[in-house]
Each structure stands twice: as structure tokens, then as C-alpha cells.
Amino acid sequence: MLAIIYLLGLVSISLLFIGIYNASKASERKIRLPEALNKAPKVKLHSFIGVILPSRRLLERLNLHEKLKHKLDAARVKLAAEEFFNLKLFSAIAFGASTFFVSSRFQALPFTVGALLGFIIPDIWINRQIAKRKYVIARLLPETVDLLALCVEAGLDFTTAVRWIIEKTSMNPMVEELAFVLEEIKWGKPRTQALKDMSRRLNIPEVSTFVQTLVQAERMGTPVAEAFTILSEDTRLQRFRAGERFAMQAPIKILIPLIFCILPVIAIIIGGPIFLQFSSGGLLSGIGVGK
């Protein structure tokens, strides 16, 4: 019976995370501003999570509200900061209670370990989403810059070129960020400031270089198409060097499975028969017969 209750608890937690993940992936073509995300209609489950524990004031006193908000915006998770914090509390309580169902009695150390594990699991998931999104953006940036360069060379300005890319290409994280910038420009924010906000929000070296090049070209009056061509070559060179760094790390990383997985097997295959013969006395008798 306790195993069934424990299994149901894990299934409920899994369904909760799946629901939040699906909600974050919904409406990919519809890009909203950060201010509009708070005003947008949310899923009832999210509203319930945010209302049942009003932790917004606590987060503001601890200066964690803006930090969590920026992290959720970077991961494109449609949750408010207090909702995410309440989700962490629910996860900590659920994992801590699961230790009670397993051991059939309350123990302080397993409960504390389970609660800490449940509290940090949402952060680990958010960090993985952010890292995955940053990796995809860094991979797609050179091709996006090439498309922008072609559009600008064809006679379009930067805003029209961005709008053409959004309408004609398939939606991906890089296009989502450009659509985000375009929406901010439509709402009256200067283009330079919108690009700087994108660089600060993503915190990716390649995107920061892209924004700095655009801002410098606009400030100095240099042709944007030429800046795009140089920037595309630089981003591809950075990606090539990043691949070289990963390739240089491969021999070091392969030592771990080689030492702990492959070498013991080889030692068992080679030395196993010799050890068995030696332990049974067959090896010594064979040497005596030979003499």
C-alpha cells in the first residue's frame, strides 16, 4: 500500500512538470513582451499554484523576484516568479514526504535530504532549459546573420529584414528572440536599447558580439550589410574554435570509461583463466610435469 502511495506521488509530480513544460511550449508563434506575460491569461493550474501560497512579498524582500523572473524569461517558461517558487516548495514537500512512505516512519535526515533534492530539482530543470536554448541560439546565429545580410543587401532596412525572417522562416529560439525585439520596437523602445536588452537577457558571447556590431555600425554610420558579412565570418570562426575545444577534450574524457570500464574487463579476460588455474593447482602441476 505504501509503495502504491509513493508511486502515485511520483506520478503526480511528473504530470505537474509535464503540464508546465507543455504550457511553456504552447503558442510558439505568438511572442509577448515581458510586461504582457504577467497580464496574459494563465493556465488554471498555474494560477492555483500562485494563489495558494502568496510568496511574492517574501521574494521581493529577499531580492529574488527579479532574478527568478529573468531566469524564467530566459528559459521561456510562462510562470510567474512566485508560481515557480511555490512549485519548488511543493516539490520539496512531496519529495520529503516520499521518504516517510518508503521507510514507514519519520526520519529527520532522509526527510531533509529529500526536501532539499525536491527544492533544487526545478532549478536544475530551468538551468538545463536555459543552457539548451543558448546552445541552439549560438548554433543558429551565423545562418540568421547571413539571411539578415541578404535582406539588407537587397534593399531592406533592419526592421523590415527582421520581419521578413520571422514570416518566412520556421520558428526557432533565435527567430523568437528577433520577434521579441521587433515587438519591443513596435511598442516604442529604441532599436539600440531593444538589442541591448536582448544581449543582456540571453548573456551569450556570440549574441553580445552581434549586438555590439549593430550598435557600433549604427553609431559610426557604416554599412550594415558589410558589418553583417564580417560578423557572419566571425561567428562561424568562433563556432569552429568551440568545436576544436570540444575535440581536444575528447581524449581526456575517454580516459574515465577506459580506466573504469574497459581495462577491468581486459584484465579479467586475460588474467581470469590464469588465476583459476593457479588457484586450482593446475598451473603448478603443469610446471612440475614439464620438468
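## Fold pattern

Read along the sequence, this predicted model runs α-α-α-α-α-α-α-α-α-α-α-α-α-α. That makes 14 helices and zero strands, where helices (H or I, at least four residues) and strands (E, at least two) are DSSP runs numbered from the N terminus. Take contact to mean heavy atoms within 4.5 Å: among contacts between residues at least 6 apart in sequence, 64% join residues at least 24 apart.

A bit of housekeeping: residues count from 1 along each chain as its sequence is written, and side-chain values use heavy atoms, with hydrogens and water left out. Since the model is predicted, local features need pLDDT of at least 70 and side-chain atom pairs count only at pLDDT 80 or more, while totals for chains, interfaces and linings use all residues.

## Inside the protein

Of the 291 residues, 34% are buried (under 20% relative accessible area; exposed is over 50%, partly exposed in between; 1.4 Å probe, protein chains only). The largest nonpolar core holds 32 residues; such a core is a set of buried Ala, Val, Leu, Ile, Met, Phe, Trp, Tyr and Cys residues joined through side-chain atoms within 4.5 Å. Helices H7 (108-153), H8 (158-168), H9 (173-186), H10 (191-202), H11 (205-220) and H12 (224-253) each give it two or more residues, with H7 giving the most, at seven.

Leu148, Met198, Val207, Phe210 and Phe228 have the most contacts inside this core. Leaving aside residues up to four places away in sequence, Val207 touches Ile137, Leu141, Met198, Ser199 and Leu202. Apart from this core lies another, of twelve residues, including Leu59, Leu79, Ala81 and Ile130.

## A buried lysine

Lys88 sits in helix H6 (residues 81-103) and counts as buried because its relative accessibility is 7%. Its side chain makes a polar contact with the side chain of Asp123 at 2.6 Å (a pair of N or O atoms within 3.5 Å; within protein, one must be able to donate a hydrogen and the other to accept it, and residues adjacent in sequence count only if both atoms are side-chain atoms). Not counting residues up to four places away in sequence, Lys88 touches Gly118, Phe119 and Pro122 as well as Asp123.

## The outside

The protein exposes about 18,200 Å², with carbon and sulfur atoms supplying 67% of it (Shrake-Rupley method, 1.4 Å probe; for residues, only the protein chains shown count as cover). Ile269, in helix H13 (residues 255-280), counts as exposed because its relative accessibility is 58%.
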